[in-house]
Amino acid sequence: MTHLQPLLDWLGAHPGLGLICVLLISLCDSLLVISIVVPAMPLMFGIGALTALDALAFWPCVAAVSAGAVAGDSISFWFGRRFGKEMFASRLAKRYPEMVARSERFFEQHGKKSIFIGRFVGLVRPFIPAIAAAHGMRWAVFVALDAFAGLCWALAYMTPGVVFGASLGLASEVAARLATLLLTLLVLVTALIWVADRVVRRAQRRAGRWIDAMLDWSARHRTVGRLGGWLADPAQPETPALAALALGLFAVGAFMLLVWWGVGQQVPPAADQLAWQLSQDLRTPVTTALAVAAGSLSNWKVYAPVAATVLLTLWLGGHVRAAAHWLAALGFGVMLSCGLRALVHVTDPAHFYHLPVAGHTAGFDLVIATAIYAFVPVLLTTQRPPAVRARYYGVAASLIVLMLLGELYLGGVWLSVGVTAVLFGTLWVAVLGVGYRRHGALPIAGRELLPAVIGVLVAATTLAGAFELQHDRSKTIAQMQRLPSAAWWNGRYAELPAYRMDNTGREKQPLTVQWAGELNDINGALHRAGWQEPPVLSWTTALRWLAPSAPLAELPLLPQAHAGAHQALMLRKPMGAVADGDYEQEAVIRLWPSGARIERLPLWIGTLSTQTGQRTLRLMRYPRTDRDFDLPLAALSPAPAGFEARRVQHRRREADVSLWTGGVWLLRPARAEAAPPAPAAPAAEPPAPSRP
């Protein structure tokens with residue numbers, strides 16, 4: 001929103017010029033040939049987003065887009081009427097022969113309907129008006145059809161942008177990184193399944209040639225080449241080749257890590273530190289829970305039950321050879337994990353940065369987990385068609401990548417160590433899979449293995465994730481800083497942060513409350529002072545945002561995060577004039593744990609803000625945080641019963657764009673130890689004049 005502000009300000013000052021620009025964009029997108037190089041969808045999407053942000057009026061924009069589309073198509077129609085079919089023999093048209101031919105076939109097939117349908121088909125849209133004119137269509141008929149098509153096209157292409165623009169307003173209340181992360185994960189999983197499909201299909205076509213070439217090479221090199229024959233020739237034993245290749249992979253993996261980290265080096269390379277810092281920018285309570293679930297896949301409490309389940313199922317099902325290869329996959333994973341752990345001494349990020357949340361592995365357990373999750377598809381896709389293999393391998397690849405990302409996020413592994421572990425675990429499965437399938441492997445039905453494996457995986461992941469989250473919370477509470485009450489009251493409040501740290505890692509709204517006390521006592525005192533619980537945010541209550549006339553008191557508030565945690569307390573209080581059951585503004589208090597204790601009491605840190613109802617296109621209304629953080633300070637004066645309050649001055653940024661002069665409330669129980677008189681100068685300073 002900050003980067004968009006200059007554009008929004010310009011459009012607000014020049015709405016007429018903005019509509020002219022919209023019309024010209026739509027016109028260029030409809031002109032003959034020129035339309036090919038104009039990206040219609042992103043531009044219409046952006047125009048829709050600007051209307052949702054109230055930078056442009058919605059219906060005038062729809063009219064401008066429709067008019068521009070009709071004007072551009074009419075110019076193309078004139079060219080077709082003026083030059084006829086000879087126009088498509090010109091040098092410019094010959095640059096796009098396939099598009100011209102396709103457009104002609106499209107018009108011949110659909111006739112007049114092509115004017116409407118072609119408006120939504122990017123490959124034929126630039127040529128349909130000219131082709132229609134060249135075939136003798138009357139201009140009046142063309143304009144009538146094209147005007148209706150242009151209106152529908154404008155609404156269809158702008159509506160997604162309107163929805164996105166409205167969500168930007170909501171995203172300004174909560175960090176947008178969560179949505180970005182979820183979208184990234186969706187794209188990543190889709191891309192992994194697509195890549196797996198392409199790799200499997202290509203490998204399936206070339207596998208025979210590769211194996212024949214390896215056998216030929218083995219025949220020419222009797223000493224070293226004997227490994228290839230042992231691995232790929234069904235008539236020879238595979239165990240010696242697998243053992244030699246396992247030792248080779250172990251040696252190469254250890255060498256790579258020693259070269260990257262150096263012998264005895266404890267400071268991680270710059271690339272690893274950068275990857276760690278980038279992962280921390282995504283910290284939110286939701287993403288932490290997702291990362292714990294994904295990272296627990298590399299926890300022995302999860303992969304060990306899965307491995308035991310697969311082994312037991314194969315043994316009871318009579319698949320002795322598959323069970324033997326399963327043990328080989330596990331054995332190498334354990335060997336490489338223990339070997340790398342012994343040779344390469346690497347402190348994980350959580351311990352290196354002295355974080356309360358520590359990784360449960362040094363990253364080397366990723367080798368075992370990768371071998372387990374990657375070899376299950378090998379067992380289930382033997383003698384199966386490529387399409388089936390692609391689905392299984394795509395799911396396995398997604399699990400492994402999410403597992404690695406979860407460990408990176410939680411600080412359990414550095415990027416270089418994690419990638420090396422996953423890479424060599426995957427290479428071992430590939431080698432083992434060749435040997436398994438070339439030595440008489442039989443197909444295993446998915447119904448024999450998958451139900452038990454999925455059930456154990458889900459149950460173990462849930463239990464391990466819940467344990468990790470509870471363990472992290474208990475460690476955080478145990479490490480809370482303790483401050484003397486008098487010292488905090490008289491100056492050490494300045495050691496606490498002055499601004500809320502949002503999910504992007506940036507300082508946002510000022511933290512204008514520091515409150516010592518039990519959360520239940522604070523909650524009760526605020527309720528007695530007139531503060532109220534807001535509606536709980538859910539799918540049902542969120543629908544109230546779609547009612548533009550809904551009273552502000554009925555709208556659920558959006559959660560906010562500070563230092564990776566959602567607020568522990570959130571209450572609202574009406575402000576301003578009340579009319580027809582609604583009011584103009586409301587004060588909102590949010591409190592987060594500060595990580596400190598005042599004597600025996602926890603210290604909470606929070607914001608006091610004012611909320612107003614933000615309407616978007618008369619389609620929705622949601623609470624929006626105002627920029628003025630001096631005005632809501634009056635909502636805590638006088639202090640709630642049972643607490644004493646003191647107004648102090650905190651440090652503020654010079655570049656702070658919010659209206660805040662640095663005022664902060666300190667509150668503690670009234671029966672707390674009496675503090676010596678404090679200097680009154682900071683509290684007595686008159687507030688600076690509000691900036692316009």
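In helix 15, the residues Ala-322, Ala-323, His-325, Trp-326, Ala-329, Leu-330, Phe-332, Gly-333, Leu-336, Ser-337, Gly-339 and Leu-340 are buried, where buried means under 20% relative accessible area, exposed means over 50%, and partly exposed covers what lies in between (1.4 Å probe, protein chains only). This helix runs over residues 320-343, and its 24 residues reach 34 Å from the first C-alpha to the last, close to the 34 Å expected at 1.5 Å a residue; the expected span is taken as 1.5 Å times one less than the number of residues. Helices (H or I, at least four residues) and strands (E, at least two) are DSSP runs, numbered from the N terminus.

The model is predicted, with local features requiring pLDDT of at least 70 and side-chain atom pairs counted only at pLDDT 80 or more, whereas totals for chains, interfaces and linings use all residues. Residues are numbered from 1 along each chain as its sequence is written, and side-chain values use heavy atoms, with hydrogens and water left out.

**Aromatic contacts**

A pair of aromatic rings is described by the distance of the centres and the angle of the planes. A search of the whole structure finds ten aromatic pairs, the criterion being that rings of Phe, Tyr and Trp (its six-membered ring) have centres within 6.5 Å, with planes under 30 degrees apart counted as stacked, over 60 as edge-to-face and the rest as tilted. One of them is the stacked pair of Phe-77 and Phe-142, at 4.6 Å centre to centre with 25° between the planes. This pair links distant parts of the chain, with Phe-77 in helix 4 (residues 58-83) and Phe-142 in helix 8 (residues 139-171), 65 residues apart. Phe-77 is buried at a relative accessible area of 3%, and Phe-142 also counts as buried, at 1%.

The rings of Trp-326 and Phe-375 have their centres 6.2 Å apart and their planes at 35°, so this pair is tilted. Because Trp-326 lies in helix 15 and Phe-375 in helix 17 (residues 365-380), the pair ties together parts that are 49 residues apart in sequence. Trp-326 counts as buried at 0% relative accessibility, and Phe-375 likewise counts as buried at 0%. Elsewhere, ring pairs link Phe-116, Phe-120 and Phe-148 into a cluster.

**Charges over rings and salt bridges**

The charged end of Arg-119 sits over the ring of Trp-153, 4.6 Å from its centre; for this contact, NZ of Lys or CZ of Arg must be within 6 Å of the ring centre and within 35 degrees of the ring normal. Arg-668 lies over the face of Trp-489, at 4.0 Å from the ring centre.

Five salt bridges are found in a search of the whole structure, each defined as a side-chain nitrogen of Lys or Arg within 4 Å of a carboxyl oxygen of Asp or Glu.

| Residue pair | N to O distance |
|---|---|
| Asp-73 and Arg-119 | 2.5 Å |
| Arg-492 and Glu-495 | 2.9 Å |
| Asp-626 and Arg-624 | 3.9 Å |

In the third, Asp-626 counts as buried at 13%, whereas Arg-624 is partly exposed at 31%.

**Surface patch**

Val-252, Phe-255, Met-256, Val-259, Leu-415, Val-419, Leu-423 and Leu-427 form a nonpolar patch on the surface, with about 670 Å² of accessible area together. Patches are made of residues with over 30% relative accessible area and no salt bridge, like charges being joined within 9 Å and nonpolar side chains (Val, Leu, Ile, Met, Phe, Trp, Tyr) within 5 Å; the areas come from the Shrake-Rupley method with a 1.4 Å probe, and for residues only the protein chains shown count as cover. Helix 11 (239-261) and helix 19 (415-438) each supply at least two residues of the patch. Met-256, placed in helix 11, is partly exposed at a relative accessible area of 38%.

**Backbone details**

The peptide bond from Ser-637 to Pro-638 is cis, with omega near 0°, and Pro-638 is found in the loop between strand 10 (620-625) and strand 11 (643-649). Glu-599 has a positive phi of about 55° although it is not a glycine. Glu-599 lies in the loop between strand 8 (582-598) and strand 9 (601-616), and is partly exposed, with a relative accessible area of 40%.
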